[in-house]
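My notebook is open and I have a few spots to look up. Here is what I wrote down, in the order I went through it.

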Amino acid sequence: MSATETMTETVPPPPTCVGQPDISYHPDEAKFRARTARRLAEDPTLPQRPLPEGFPPSVEGPNVWEGKDWKDESQWVYNLTDEHLAEIDRALAHFESLDKPLGFINKETFPLPTLSQELWKLAKVLYSGRGFFVLREIPIDKYSRQELMIVYAGISSHVGSERGKQDGTNSMLAHIKDLRVSHAHEKGGIGNSAYTTDKQVFHSDIGDLIALLSIQTSAHGGISRLSSGGRVYNEIAKTRPDLITVMKDNWQLDKFGGNPGYGERPVLYNEDGHIVIQYSRRQFVGYGTQLRSAHIPPISEAQAEALDMLHFYAEKYSLELNFKKGDIQYINSMGLLHARDAFTDDGEKT
Ligand SMILES: [Fe+2]
């Protein structure tokens, strides 16, 4: 028996969820169109279904926009002045002089006398404006990694006063990088495209405001994209109101080995008239070697169609950000979806 045959016998493929529709993490437009055609052939009345009670035919407001509505990045980039950067250095020195753990970083322990007022105005843009801005630029190479964490959390504490946990890891701050070359890969693969160089499809993160600091850009690709959840909602409500009903009902989210094995909640909410899309595609279709768990219910064909529709409309109406080293991107994750293109590193940039 050859070595290859031995491998085949000793490493069985991971079990898959029985009945799961033909859908994977990477949206396939041909499969999406075919699924839509098939479902409409089975029931041509789907587009005539009423919207669920309380859900409006369309929403409007400053956070309902399309990528083409924006002319250039001067509309969302806020450039830090030399005085702001000096303030940040003084705030860093002040926090370090307190000799407190990182959890004590807040507006008082990281004081920014003049920049704080600007950040407060920008925070209003997140909550009641377009829903995003970019702060430019933090001199990354000037700081140690520890100092950078303090600077990042310190500035961010003037935008949002509370910090939430990331990715169920109990961490307030996650380092997004390609982990495939580290031990994580050896432990059975990576179940989240964020920690690879792969494309990250449209999704929202948990929490209301999210921040991303670029400490290094990729050699090629990796473009950051934003899309308005309200704009996506309007398109689906107009063309396929039946899928609005599907989205506002409970879905089973894979917990990938957690106990219980899955949770239940909608992917679309109507909170006092605010339409909120909250979802991550991998929780329904898996990613990489982490397929949808075998022992939990499959998603439905209607849910598979809704997932693809969400992604393709988000992509169609997205805005491409020129995300540079030293930029901090702030997003209202209740109103906007985000994505990242695939990228490649080289020997210099990893
Ligand atoms: Fe994300």
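Before starting, I noted the cut-offs for burial: a residue is buried under 20% relative accessible area, exposed over 50%, and partly exposed in between. I also reminded myself that this is a predicted model.

**Entry 1: the iron site**

Which protein atoms are the donors of the iron ion? I found His203 through NE2, Asp205 through OD and His338 through NE2, lying 2.2 to 2.3 Å from the metal. Along the sequence, I wrote the spacing of these donor residues as H-x1-D-x132-H. Asp205 and His338 link distant parts of the chain, being 133 residues apart. I placed Asp205 in the loop between β3 (200-203) and β4 (209-213), and His338 in strand β15 (residues 336-340).

Next I looked up accessibility for this pair. Asp205 has a relative accessible area of 23%, so I logged Asp205 as partly exposed. His338 comes out at 11% and therefore counts as buried.

**Entry 2: Glu305**

I then moved to helix α10 (residues 301-316), where Glu305 lies. Is Glu305 buried or exposed? Its relative accessibility is 0%, so I put Glu305 down as buried. I looked for a polar partner and found Arg240: the two side chains are joined by a polar contact of 2.6 Å. Leaving out residues up to four places away in sequence, Glu305 touches Phe32, Arg35, Thr36, Arg39, Arg240 and Leu243.

**Entry 3: Met247**

My next stop was helix α8 (residues 241-248), which holds Met247. With a relative accessible area of 1%, Met247 is buried. What does Met247 touch, not counting residues up to four places away in sequence? I listed Ile236, Pro266, Val267, Leu268, Ala306 and Leu310. I also checked Met247 against Ile277, 30 residues apart along the chain, and got 8.8 Å between their C-alpha atoms.

**Entry 4: a nonpolar patch**

Which residues make the nonpolar surface patch of about 300 Å²? I wrote down Leu102, Met149, Met172 and Leu173. I followed up on Met172, which is found in the loop between α5 (145-156) and α6 (183-186). Its relative accessible area is 44%, so I marked Met172 as partly exposed.

Technical notes. Residues are numbered from 1 along each chain as its sequence is written. This is a predicted model: local features need pLDDT of at least 70, side-chain atom pairs count only at pLDDT 80 or more; totals for chains, interfaces and linings use all residues. Side-chain values use heavy atoms; hydrogens and water are left out. Patches are made of residues with over 30% relative accessible area and no salt bridge: like charges are joined within 9 Å, nonpolar side chains (Val, Leu, Ile, Met, Phe, Trp, Tyr) within 5 Å. Accessible areas come from the Shrake-Rupley method with a 1.4 Å probe; for residues, only the protein chains shown count as cover. A salt bridge is a side-chain nitrogen of Lys or Arg within 4 Å of a carboxyl oxygen of Asp or Glu. Helices (H or I, at least four residues) and strands (E, at least two) are DSSP runs, numbered from the N terminus. Buried means under 20% relative accessible area, exposed over 50%, partly exposed in between (1.4 Å probe, protein chains only). Donors are N, O and S atoms within 2.8 Å of the metal (3.2 Å for Na, K and Ca); water is not among the atoms, so sites may look incomplete. A polar contact is a pair of N or O atoms within 3.5 Å; within protein, one must be able to donate a hydrogen and the other to accept it, and residues adjacent in sequence count only if both atoms are side-chain atoms. Contact means heavy atoms within 4.5 Å.
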